[in-house]
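Me: Could you walk me through this model, starting with the overall picture and then going into some details?

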Amino acid sequence: MPESALQPGQLCCVMVMKWWYRVIIHRVINDQEVEVFYADYGNLEIVQRSCLRFLKWCYLKLPAQAIPCSLAWVKPVKGTWSNAATLLFKSLCASKLLVGIVDEYVNSVLHLFLCDTSTAKDVYFHNVLKDGGYADLCRENIPSQGFMELNPSALYVRPSGNQENAELVKPDLCLQQGSPDAHSETASSKLDGHE
């Protein structure tokens, strides 16, 4: 890709282990690396600029598969999620098939309960966070403080008219100015992210 195309908001694709993935450039790190947002998975990753290619327009017709999500009925005890709470959440999600129970879909955010059913007793994430002293149950769904700013989907994906699919947004100069700053943690590490 030419230097002029390497801008936040640029739709492209990247090859990882012989598979091509749709990505959106989130931020340019240096002359060798960029951080990309995987539109179909919801995570951020740093990749080599040399691995990026333009995405054919025919591959833009498929709506983005990543949907902004938030864990239902919980809020952090101290206003923001602690690193320990985030690590616990990530360990609960680690390489497991989970059951998601949808509570509601409001303002383009899917609020759901997550449950690990792989053991004899079902493990509900909101209860684990509450029992660990990291969360309070609140019986309502309020995205965490800063959710939209730390969630690249808010910048690059918009809900379609029927709100069942999310569409990729064409590159726009305003997206280049609206990127979160470089030292933010990745969306995949946020408690209310796309895990």
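Me: Before that, what sort of model is it, and how are the residues numbered?

Reply: It is a predicted model, in which local features need pLDDT of at least 70 and side-chain atom pairs count only at pLDDT 80 or more, while totals for chains, interfaces and linings use all residues. Residues are numbered from 1 along each chain as its sequence is written, and side-chain values use heavy atoms, with hydrogens and water left out.

Me: OK, how many helices and strands are there in the protein chain?

Reply: The protein chain has 4 helices and 13 strands, where helices (H or I, at least four residues) and strands (E, at least two) are DSSP runs numbered from the N terminus.

Me: And how much of the chain is buried?

Reply: Of the 195 residues, 40% are buried; buried means under 20% relative accessible area, exposed means over 50%, and partly exposed lies in between, with a 1.4 Å probe and protein chains only. The chain exposes about 11100 Å², of which carbon and sulfur atoms supply 54%, with areas taken from the Shrake-Rupley method with a 1.4 Å probe and, for residues, only the protein chains shown counting as cover.

Me: Switching to Glu 35, is it buried or exposed?

Reply: Glu 35, which lies in strand S3 (residues 33-38), counts as buried because its relative accessibility is 5%. S3 as a whole is mostly covered, with 5 of its 6 residues buried.

Me: So which side chain does the side chain of Glu 35 make a polar contact with?

Reply: The partner is the side chain of Arg 27, at 2.7 Å. A polar contact here is a pair of N or O atoms within 3.5 Å; within protein, one must be able to donate a hydrogen and the other to accept it, and residues adjacent in sequence count only if both atoms are side-chain atoms. Arg 27 is in strand S2 (residues 19-28) and also counts as buried, because its relative accessibility is 15%.

Me: How do S2 and S3 run, and how many bridges join them?

Reply: S2 and S3 run antiparallel and are joined by 5 bridges, two strands being paired if DSSP finds at least two bridges between them. A hairpin of 4 residues connects S2 to S3, and Val 28 stands opposite Val 34 in S3.

Me: What about S3 and S4, how many bridges there?

Reply: S3 pairs with strand S4 (residues 44-48) in the antiparallel sense over 5 bridges, with Val 36 opposite Glu 45 in S4. The hairpin of S3 and S4 has 5 residues between the strands, and Gly 42 in this hairpin takes a positive phi near 90°.

Me: What does Leu 71 touch?

Reply: Leaving aside neighbours within four places in sequence, Leu 71 is in contact (heavy atoms within 4.5 Å) with Phe 89, Leu 112, Phe 113, Leu 114, Phe 125, His 126 and Leu 129.

Me: Back to H1, which of its residues are buried, and why do they count as being on the same side?

Reply: The buried residues of H1 are Ala 85, Thr 86, Phe 89, Leu 92 and Cys 93. They sit on the same side of H1 because they cover an arc of only 125° around the axis, the arc being that of the directions from the helix axis to the C-beta atoms. The elements covering the buried residues of H1 include S6, S9 and H2, whereas the face turned away from the buried side carries the exposed residues Asn 83 and Leu 87.

Me: Last one, how do S8 and S9 run?

Reply: Strand S8 (residues 99-106) and strand S9 (residues 109-116) run antiparallel and are joined by 7 bridges, and Val 102 stands opposite Leu 112 in S9. S8 and S9 form a hairpin with 2 residues between them, where Asn 107 in the turn has a positive phi of about 50°.
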